[in-house]
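Let's take a friendly walk through a protein model together. Have a look at the picture first, and then we will go through some of its details.

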Amino acid sequence: MKKNIINFKKMNGLVPVIIQDKISKEIYMLGYMNRAALKKTQETGMVYFWSRSRNVSWMKGETSGNQLWVKTILTDCDNDTLLVLVSLIGKNVCHTGNRTCFYTKLSI
């Protein structure tokens with residue numbers, strides 16, 4: 001990935017990050033990264049996020065053991081959103097115990 005192309009200015013230092021399984025293409029979750037979380041993700045190969053509510057960096061799976069191993073990081077055409085393709089180490093991603101955070105259907 002190119003360095004210094006991500007636009008962190010639009011959302012006050014954050015970019016949305018979509019987490020997707022590299023093989024199944026299942027969407028696991030959406031989180032946010034700041035520059036430090038992205039750098040830590042690139043350095044370690046594990047997904048780090050910035051918590052907007054706690055104002056801290058955290059690694060997905062730190063406490064649950066359900067970690068996300070980075071395979072590929074892509075940016076969108078505006079360089080303000082990331083798509084991270086991962087392999088799940090564990091059984092689920094969502095803190096509710098569901099495999100993915102996207103499990104609730106809305107009526108249309």
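Glu 43 and Lys 39 form a salt bridge, with their closest N and O atoms 3.9 Å apart. A salt bridge here is a side-chain nitrogen of Lys or Arg within 4 Å of a carboxyl oxygen of Asp or Glu. Both residues sit in helix α1 (residues 35-44), 4 residues apart, which is about one turn of the helix. Helices (H or I, at least four residues) and strands (E, at least two) are DSSP runs, numbered from the N terminus. Glu 43 counts as exposed because its relative accessibility is 56%. The words used are buried for under 20% relative accessible area, exposed for over 50%, and partly exposed in between (1.4 Å probe, protein chains only).

Before going on, please note that this is a predicted model: local features need pLDDT of at least 70 and side-chain atom pairs count only at pLDDT 80 or more, while totals for chains, interfaces and linings use all residues. Residues are numbered from 1 along each chain as its sequence is written, and side-chain values use heavy atoms, with hydrogens and water left out.

## Salt bridges across the chain

How many salt bridges are there by this rule? The count comes to 3. One of them joins Lys 10 to Asp 80, with the closest N and O atoms 2.7 Å apart. This pair links distant parts of the chain, since Lys 10 is in the segment before β1 and Asp 80 is in the loop between β5 and β6, 70 residues apart. Asp 80 counts as buried, at 14% relative accessibility.

Glu 26 and Arg 99 also meet through their side chains in a salt bridge (3.1 Å, N to O). Glu 26 belongs to the loop between β1 and β2 and Arg 99 to the segment after β6, so this pair ties together parts that are 73 residues apart in sequence. Glu 26 is partly exposed at 27% relative accessibility, and Arg 99 is partly exposed at 39%.

## The sheet

Now for the strands. An open sheet is formed by 4 strands in the order β2-β1-β6-β5, with mixed pairing. Two strands pair if DSSP finds at least two bridges between them. Why is one side of β2 and of β5 left without a neighbour in the sheet? Strands β2 (27-33) and β5 (67-75) stand at the edges and each has a single partner strand, so one side of each lacks a neighbour.

Strands β1 (residues 15-21) and β6 (residues 82-89) run parallel and are joined by 5 bridges; Ile 18 has Leu 83 as its bridge partner in β6. In contrast, β5 and β6 run antiparallel, joined by 8 bridges, and Thr 75 has Leu 82 as its bridge partner in β6. The hairpin of β5 and β6 has 6 residues between the strands, and there Asn 79 takes a positive phi near 60 degrees.

Asn 12, in the segment before β1, has a phi near 55 degrees, a positive value in a residue other than glycine. Asn 12 is exposed, with a relative accessible area of 76%.

Where is Lys 25 placed? Lys 25 is in the loop between β1 and β2, and its phi is near 70 degrees, again a positive value in a residue other than glycine. Lys 25 is partly exposed, with a relative accessible area of 46%.
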